[in-house]
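Please open the structure in a viewer and keep the selection panel at hand.

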Amino acid sequence: MSGKRSRSFKCAVHHRDREISSEKDYHLLPKNPTLFQKMVKLVADEYLIEERDKKYYADNYQCCPPPWFIIFITIVELGFFTYYTILNGELSASGPVPIDSIFLYRPDKRSEIWRFVFYMVLHSGWLHLTFNLSVQLLVGLPLEMVHGSTRIGIVYMSGVLAGSLGTSIFDKDVYLVGASGGVYALLAAHLANVLLNYYHMEFGILRLVGILMVASADVGFAIYDRYAEQQLLGPSVSYVSHLTGALAGLTIGYIVLKNFEQKLHEQLIWWVALGVYAACTIFAILYNVFTPYPDS
């Protein structure tokens with residue numbers, strides 16, 4: 001009996017025993033994984049729980065449709081930063097802030113409602129931009145590969161909106177730039193993913209500590225930059241969007257991200273998260289409608 005027929009015979013026997021379904025599944029036919037397959041397997045190991053789900057995802061993920069949202073928003077933010085850098089003829093770690101841009105959130109321009117969202121395309125220096133783009137690529141792309149572009153887009157944009165709405169209430173007199181609200185929503189959504197599946201994930205406590213360390217360091221720097229340093233390049237930039245964006249990501253993360261093994265008490269948390277986000281958003285919108293800025 002030839003080697004090929006021998007393998008086919010063994011496959012037929014194992015198929016009868018429901019161990020494999022085709023000759024390609026047979027373990028005696030080794031195949032070196034490509035770089036893409038290794039990356040997909042790494043994402044599966046990091047974000048999925050059950051071995052069955054990991055194997056199915058690694059074997060079937062074809063990057064179609066691709067995780068386009070994070071890539072698109074990254075290109076847009078990088079493009080706007082390049083444009084304003086060339087326009088101003090200056091590049092530094094912390095400025096200058098494009099004060100005259102129609103996209104920048106300004107407390108005296110709250111009637112121009114697009115500013116509550118489009119401020120995310122502006123950044124105050126290459127350090128601000130580098131951190132935001134790095135985090136949204138390293139955290140957002142794997143999340144999008146697992147949960148899909150629509151879900152991650154909802155999380156990201158909810159953080160952006162929460163960032164500007166929160167700033168309009170708690171830090172009224174500052175201008176706002178940057179995608180930190182969306183970035184912290186992604187970080188918090190990853191935190192929500194860890195919390196949802198904590199007991200099934202490897203090194204869950206290390207992931208939790210890592211997220212908190214990165215977020216704490218950046219928020220601490222933002223607070224220092226807001227209060228300790230003298231603002232020479234224009235109005236100060238708010239750090240409140242970091243915190244409100246994280247709150248949005250934590251709540252929306254519970255709502256829209258896939259929970260691979262949902263329990264009854266987690267269904268209750270789903271409704272609580274929805275109620276918290278909806279109540280905070282409605283309150284912030286009504287506050288901006290009925291409490292206009294004094295100089296506007």
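The stops below go from the whole chain to its core, its surface and some individual residues.

**Before starting**

This is a predicted model, in which local features need pLDDT of at least 70 and side-chain atom pairs count only at pLDDT 80 or more, while totals for chains, interfaces and linings use all residues. Residues are numbered from 1 along each chain as its sequence is written, and side-chain values use heavy atoms, with hydrogens and water left out.

**Stop 1: the whole chain**

Select the entire chain and colour it by secondary structure. It has 11 helices and zero strands; helices (H or I, at least four residues) and strands (E, at least two) are DSSP runs, numbered from the N terminus. Of the 296 residues in the chain, 45% are buried. Buried means under 20% relative accessible area, exposed over 50%, and partly exposed in between (1.4 Å probe, protein chains only).

Contact means heavy atoms within 4.5 Å. Among the contacts in the chain with a separation of 6 or more, 74% join residues 24 or more positions apart. The accessible surface comes to about 16,600 Å², and 66% of this belongs to carbon and sulfur atoms. Accessible areas come from the Shrake-Rupley method with a 1.4 Å probe; for residues, only the protein chains shown count as cover.

**Stop 2: the largest nonpolar core**

Next, select Met-120, Val-155 and Tyr-156, the residues with the most contacts inside the largest nonpolar core, which has 44 residues. Such a core is a set of buried Ala, Val, Leu, Ile, Met, Phe, Trp, Tyr and Cys residues joined through side-chain atoms within 4.5 Å. Two or more residues of this core come from each of α4 (68–88), α6 (126–147), α7 (149–170), α8 (180–196), α10 (240–256) and α11 (264–290). Another core, of seven residues, lies apart from it and includes Val-40, Val-43, Tyr-57 and Met-145.

Now centre the view on Tyr-156. Which residues does Tyr-156 touch, not counting those up to four places away in sequence? They are Phe-69, Ile-73, Glu-77, Met-120, Gln-136, Ala-179, Gly-182, Val-183 and Leu-186.

**Stop 3: helix α7**

Select α7. Because 16 of its 22 residues are buried, α7 is largely enclosed by the rest of the structure. The 22 residues of α7 should span 32 Å at 1.5 Å a residue, and the 31 Å between its end C-alpha atoms agrees with this. The expected span of a helix is 1.5 Å times one less than its number of residues.

Within α7, pick out Ser-164. Ser-164 counts as buried because its relative accessibility is 0%. Beyond its neighbours within four places in sequence, Ser-164 is in contact with Tyr-105, Phe-116, Tyr-119 and Leu-176.

**Stop 4: helix α4**

Move to Thr-74, in helix α4. With a relative accessible area of 10%, Thr-74 is buried. Thr-74 touches Leu-133, Gln-136 and Leu-137, residues up to four places away in sequence not being counted. Draw a C-alpha to C-alpha distance from Thr-74 to Gln-136: the two are 62 residues apart in sequence and 8.0 Å apart in space.

**Stop 5: the salt bridges**

How many salt bridges does a search of the whole structure find? There are two salt bridges, each defined as a side-chain nitrogen of Lys or Arg within 4 Å of a carboxyl oxygen of Asp or Glu. Select Asp-108 and Arg-106, whose side chains meet in one of them (3.0 Å, N to O). Asp-108 is partly exposed at 23% relative accessible area, whereas Arg-106 counts as buried at 16%. Then select Glu-112 and Arg-115, whose side chains also meet in a salt bridge (2.5 Å, N to O). Arg-115 is buried, with a relative accessible area of 5%.

**Stop 6: a patch on the surface**

Finally, show the surface and select Ile-282, Ile-285, Leu-286, Val-289 and Phe-290, which make a nonpolar surface patch of about 520 Å². Patches are made of residues with over 30% relative accessible area and no salt bridge; like charges are joined within 9 Å, and nonpolar side chains (Val, Leu, Ile, Met, Phe, Trp, Tyr) within 5 Å. Phe-290 is found in helix α11, and its 65% relative accessibility makes Phe-290 count as exposed.
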